[in-house]
Amino acid sequence: MIYLDNAATTRTAPEVVEAMLPYFSEQYGNPSSIYGLGAQSKKAVTAAREKIAAALGAKPEEIYFTAGGSESDNWALKTAAEAYAGKGKHIITTGIEHHAILHTCEYLEKKGYEITYLGVDKEGLVDLEELEKAIRPDTILISVMFANNEIGTIEPIGKIGEIAKARGILFHTDAVQAFGQVPVNVDEMHIDMLSASGHKLNGPKGVGFLYIRTGVKIRSFVHGGAQERSRRAGTENVPGIVGLGAAVERAVSTMEERAGKESALRDYLIGRVEKEIPYCWLNGSRIRRLPNNANFSFLYIEGESMLIMLDMKGICASSGSACTSGSLDPSHVLLAIGLKHEEAHGSLRLTLSEETTKEEIDTVVEELKAIVQRLRDMSPLYADFLKAGK
Ligand SMILES: *Cc1c(COP(=O)(O)O)cnc(C)c1O
């Protein structure tokens, strides 16, 4: 098997699994208990919190553990909207966010909030002037993703943070794809809230965190016990939190080396596909791009057919076509960067890991060439296109 869908989820690193194991069957105490067994769990949770805070340039008490990126996004938006409703009910976000943000915004619209969805250019970048113009006296929150999960574009987060700070507006970023892949510092980038998730950085699924800057008036999301400074109730997912801490520590210490290796292979992949497959192009930015992301559109191809044929060759990939998103419309991200429906339908996302090899990339390119040729040979539209060209 060749796994090139690391934006969907990653393999939990063996050392992360190893770090987690004792917290299932030996050190299973409840961190809230007084006796030694509980204290051990509490110590492990504290250690994980400190590692994550250090990775962000934050304070440990600003890290709140959650059940993943979606919960962190929901928490940040819903309760900030509620807490700051006295100041206004206007929120600014972008049209290319993950559904955890977009669907939360739709929910808030039903509750009487007004949302401005910023457009992006053909590389997927937010226009800072457009952002400035969108700000109103009643704007309470700006939420812009750090890096896009489909096309890998990295947004100018530091500049957005500066604008938000100068206007006295809260700034949240969904950093689920970026954290662990590119450097993130909440002070330098003026970030007030940040969402991240374990399973996107070789940690376990179902655990993540929300960074909340001290002084932000956000409310609790899960009511109950006094865990997480009474802001997120529920007995801590101790093994998950330990795994998240280990994964973050690992991701930060290997970041430079991984990014160098992955971006070199990514560029090799992009170069070969662009040169050897006709009527295709790269989606997203060539420069402001996650080190492991390649996203192409192939004309006269259906994304699902490509995925099925790649799967038959043992290759895991992803597409922004309609069927894979579970709706009739193709990816909102690909439409937002100006692709036509049929161009978005023919998209393919390949996301590498540190384990990806050049041999694997070569195999994938060879298979892809054959698959694209076969699918085009069956396409009446492609036949018409060739005829028209002659
Ligand atoms: C995966 C992802 C999420 C959701 O995270 P989960 O931990 O799966 O809930 C949110 N935002 C982005 C950008 C993602 O890639």
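How are α4 and α5 oriented to each other? The axes of α4 and helix α5 (residues 99–110) come within 9 Å and cross at roughly 30°, so α4 and α5 are roughly parallel to each other. Here "roughly parallel" covers angles under 35 degrees, "roughly antiparallel" those over 145, "roughly perpendicular" 65 to 115, and "oblique" the rest. Axes are lines fitted to C-alpha atoms, for helices over the stretch in contact, with angles running from 0 to 180 degrees between N-to-C directions. Helices are DSSP runs (H or I, at least four residues), numbered from the N terminus.

A word on the model first. This is a predicted model, where local features need pLDDT of at least 70, side-chain atom pairs count only at pLDDT 80 or more, and totals for chains, interfaces and linings use all residues. Residues are numbered from 1 along each chain as its sequence is written, and side-chain values use heavy atoms, with hydrogens and water left out.

**Around the ligand**

Helix α4 (residues 69–83) also matters for the ligand shell: with three residues, α4 gives the most to it. In total, 13 residues surround the ligand (a heavy atom within 4 Å), and the closest are S70, D174, Q177, S197 and K200. By class, the shell has two nonpolar, eight polar and three charged residues; Asp, Glu, Lys and Arg count as charged, and Gly is among the polar ones.

| Side chain | Ligand atom | Distance |
|---|---|---|
| D174 | nitrogen | 2.7 Å |
| S197 | oxygen | 2.6 Å |
| H199 | oxygen | 2.9 Å |

Taken alone, the ligand exposes 390 Å², and the protein buries 87% of that (Shrake-Rupley method, 1.4 Å probe).

Technical notes
Polar contact = N/O pair within 3.5 Å; in protein donor to acceptor, adjacent residues only side chain to side chain. Helix = DSSP H or I, 4+ residues; strand = E, 2+ residues; numbered from the N terminus.
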